[in-house]
Amino acid sequence: MYQEEYARWCAANLDDPDLAPELASIVGDEEAIKERFAVALKFGTAGLRGTMCVGLHQMNIHVIRHATQAFAQVILEEGPEAVKRGVAVCFDCRNNSDIFAREAACVMAGNGIPVR
């Protein structure tokens with residue numbers, strides 16, 4: 001299953017200039033592919049935490065987009081008042097925090113949820 005997920009990522013046109021070289025760097029490395037694609041990164045008490053690299057079990061803009069879409073869906077299911085309240089998206093000094101915040105804001109806005 002993880003090999004198929006890896007192949008899907010390799011074939012995808014994901015707006016990320018670092019994606020193709022990073023995916024190419026693990027071709028034939030069964031352990032690296034399994035580590036990155038066998039399971040999705042879990043949302044825990046500290047939020048999403050993981051190594052920043054490509055894969056489902058890592059921190060990258062694609063995982064941020066996926067998690068944010070799930071959160072947007074919860075807000076949408078709560079109804080118009082929840083949507084109207086919107087969300088606040090912040091970032092800090094951690095690596096890629098500003099990029100991840102921008103991606104999260106774009107996903108929310110794409111769902112019609114106001115972002116501050």
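Okay, some ground rules. The model is predicted, so local features need pLDDT of at least 70 and side-chain atom pairs count only at pLDDT 80 or more, while totals for chains, interfaces and linings use all residues. Residues are numbered from 1 along each chain as its sequence is written, and side-chain values use heavy atoms, with hydrogens and water left out.

Let's start with salt bridges. By that I mean a side-chain nitrogen of Lys or Arg within 4 Å of a carboxyl oxygen of Asp or Glu. How many does a search of the whole structure find? Three.

In one of them, Arg-8 meets Glu-5, at 2.5 Å from N to O. Both sit in helix 1, residues 2-11, three residues apart, which puts about one helical turn between them. (Helices here are DSSP runs of H or I, at least four residues; strands are runs of E, at least two; both are numbered from the N terminus.) Here's a handy bit of background: an α-helix has 3.6 residues a turn, so residues three or four places apart point the same way.

Arg-8 is at 51%, so exposed, but Glu-5 is at 15%, so buried.

Next pair: Arg-65 and Glu-103, with N to O at 2.7 Å. Arg-65 belongs to helix 4 and Glu-103 to helix 6, so this bridge ties together parts 38 residues apart in sequence. Arg-65 is partly exposed at 25%, and Glu-103 is buried at 18%.

Then there's Asp-92 with Arg-94, whose closest N and O atoms are 2.6 Å apart. Asp-92 has 35% relative accessible area and Arg-94 has 48%, so each counts as partly exposed.

Now, helix 6 itself. (The expected span is 1.5 Å times one less than the number of residues.) Its buried residues include Phe-100, Ala-104 and Val-107, and the buried ones pack against helix 4, residues 61-78. Contact, by the way, means heavy atoms within 4.5 Å.

What about the residues around helix 6? Asn-96, in the loop between helix 5 (80-85) and helix 6, has a positive phi of about 65 degrees although it isn't a glycine. Asn-96 is partly exposed at 32%. After helix 6 comes Gly-112, with a positive phi near 80 degrees.

Notes
Buried < 20%, exposed > 50% of the residue type's maximum accessible area, 1.4 Å probe, protein only.
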